[in-house]
Amino acid sequence: MAEPPRHRTSPPALPHELVEEILLRLPHDDPACLLRASFACKAWGRAVSQPDFRGRFIKEHQHRPLPLIGFLHNWEDERVPRFLSTTASPFSLPAPDRASWLALDCRHGRALFLSESEGSGAQQLLVWDLNTGVQRRIPVPPLHSSYVYRTAAVLCPADGCDHRDCNGGPFRVVFVFTMVRCVLMWPGVTSVCVYSSETGTWSGELGKISHQFHALTFTCHSSLLLGRSLLYFMSDGGFILEYDLASNVLTGFETPYNSNKQIFNLMVAEDGGIGVSEGFSSHLKLWSREESDAQWVLSRVIHLQNSLPPAALVDAEAELMVLGFAEGVNVIFVNTVAGLFTIELQSERVKKVCDDHGFCNLIPVVSFYTPVDRLEYQDLLPSIPSENVGDEEGGEEEKTVDEAQQLLDKGSNTIKEGGFVDAVERVSHDLNAMVGGHGEVAPGCASTFDKYECAYIAQEVNDSLDDVSRSVSNEESVKGTSSKDDAEDSKTSGSNGEDAAP
């Protein structure tokens, strides 16, 4: 008589408290680890997406500096994702579309964008919470001239905040603009307005400065914050503006010397004051400004012959271009013919970030990032004021959402046919369109996130079954992932449609 089959018993599940303690000790500077953990199983996904987990995770790593997780850019190459990670394991963030929004600044867990001006439509500012995905649109202050050059900065004004977890807190937007005067030798006046999220209003022109010989344009540099009140902006011509939020005083001064090239970039000097970096063919010069006599002093020279690869220094006439400075971690981004590199100023450690490189300024992202249940934030949307752009944009959004639904249907059919690579791409484009139309925290996007995850997991399973025929593996992968998708809607989201999920 045949022996009855033995039923294998699964090992007992780890206690929830122990799972959390394990997840809390994952690297704070590699968000992809938490993202992968959130997709491992339902219990882990629920654990890492709870708001209290983020607070405990940040507290666990409170003695470590805020991590540099990537950067935003305005490069014209559509093939390069808007957000590029600099972490050990690549991941992506659903940044606003580059065709509609110009990235200006990023600080204290929020990124700031300016809408591209088209025709006579009023421009808007967009404040994007990196972790929750919540977006808030702000109309730019009314201006008195059409010949205006603009830039802006975002920051958290809360007293006593360590800026490690500013989600849901107040913020300020400092808006700097130059109005051109058609007067000989006095071409422009630069002014400052400040927006408060607590009142939802703009202040008047708090600071104002007149300048001679050239109008200040702002297209190549982001801002720099020193302490809690000193904001610095650099114009394309190298003129530096200093705005004191405490006294509402706007002043300005020149870089170490005048140059027709955009060779300087704002940074924090070794003494904690304002500084600039200057790139040459094989070395960098770091300048600091003495407060006593307001003079620039060359404080340090960094030679890169032994740090950068030979391919980055093949052209002796090509100067290194500093494209950004990461506050809090003292890291600069340097553009070379061999790609984009980061340099830690304290250790002079060099790391290659990517082969792609542009010639405009980039905006470093220094922040904790943990997966969240984005549907949990849908209750925030009605309370967030947002200016309507107009009926034309509304009709365009409705058309975009209709097209997104067609893409979703095509992606679902592609999954059934086993074409997982195409399905990921189609559902990815659908996700971008859905997010653009509804907002990424809207309930209407939840099913799209699920379809994207389903297609991606099916693709990975299919690639791993090398010993089984492609048609059979496709069918089994679809069945497995589809049943899992129907059983429970996964709410945790940590990727966008521009790049593959971790």
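**A conversation about the predicted chain**

Biologist: What is the accessible surface of the chain, and how much of it belongs to carbon and sulfur atoms?

Modeller: The accessible surface is about 24,700 Å², and carbon and sulfur atoms account for 50% of it.

Biologist: Let us turn to annotation. Which residues does the "domain: F-box" annotation cover?

Modeller: According to the UniProt record, an unreviewed entry, the annotation covers residues 14–53. In the model, this span is 75% helix and 0% strand, and its end C-alpha atoms lie 17 Å apart.

Biologist: Now helix H2, residues 31–40: why is it described as largely enclosed?

Modeller: Helix H2 is largely enclosed by the rest of the structure because 7 of its 10 residues are buried.

Biologist: Which ones are they, the buried residues of H2?

Modeller: They are Pro 31, Ala 32, Cys 33, Leu 34, Leu 35, Ala 37 and Ser 38.

Biologist: Changing topic, what is the order of strands in the open sheet of 4 strands?

Modeller: The order is S12-S13-S14-S15, and the pairing is antiparallel. At the edges are S12 (224–226) and S15 (249–254), each of which pairs on one side only. Direction ignored, neighbouring strands of this sheet are turned by 25 degrees against each other on average.

Biologist: How many bridges join S12 to S13?

Modeller: There are 3 bridges between S12 and S13, the latter spanning residues 230–234, and the two strands run antiparallel. For one of the residues involved, Leu 226, the bridge partner in S13 is Leu 230.

Biologist: What about His 163: where is it placed?

Modeller: His 163 is in the loop between strand S7 (148–155) and strand S8 (172–180). With 15% relative accessibility, His 163 falls under the 20% cut-off and therefore counts as buried.

Biologist: Which side chain makes a polar contact with that of His 163?

Modeller: The side chain of Arg 228 does so, at 3.2 Å. Apart from neighbours within four places in sequence, His 163 is in contact with Leu 66, His 108, Cys 156 and Arg 228.

Biologist: And Thr 86, is that residue buried or exposed?

Modeller: Thr 86 is buried, its relative accessible area being 10%. The residue sits in the loop between strand S2 (83–85) and strand S3 (101–107). A polar atom of the Thr 86 side chain lies 3.3 Å from the backbone nitrogen of Gly 70.

Biologist: Which residues does Thr 86 touch?

Modeller: Setting aside residues up to four places away in sequence, Thr 86 touches Leu 68, Ile 69, Gly 70, Phe 71, Phe 333, Lys 351 and Val 353. Phe 333 is also among the residues that Gly 324 touches.

Biologist: Where is Gly 324 found, then?

Modeller: Gly 324 belongs to strand S20, residues 321–326. Its relative accessibility is 0%, so Gly 324 counts as buried.

Biologist: What else does Gly 324 touch?

Modeller: Besides Phe 333, Gly 324 touches Asn 265, Val 331, Ile 332, Asn 361 and Leu 362, with residues up to four places away in sequence not counted.

Definitions and conventions
Residues numbered from 1 in each chain as written. Predicted model: local features only at pLDDT ≥ 70, side-chain atom pairs only at ≥ 80, totals over all residues. Heavy atoms only, no water. Buried < 20%, exposed > 50% of the residue type's maximum accessible area, 1.4 Å probe, protein only. Pairing = 2+ DSSP bridges. Axes fitted to C-alpha atoms, helices over the stretch in contact; angles between N-to-C directions. Areas by Shrake-Rupley, 256 points an atom, 1.4 Å probe, with all protein chains shown as cover. Contact = heavy atoms within 4.5 Å. UniProt positions renumbered as here; feature names shortened; annotations may be inferred. Polar contact = N/O pair within 3.5 Å; in protein donor to acceptor, adjacent residues only side chain to side chain.
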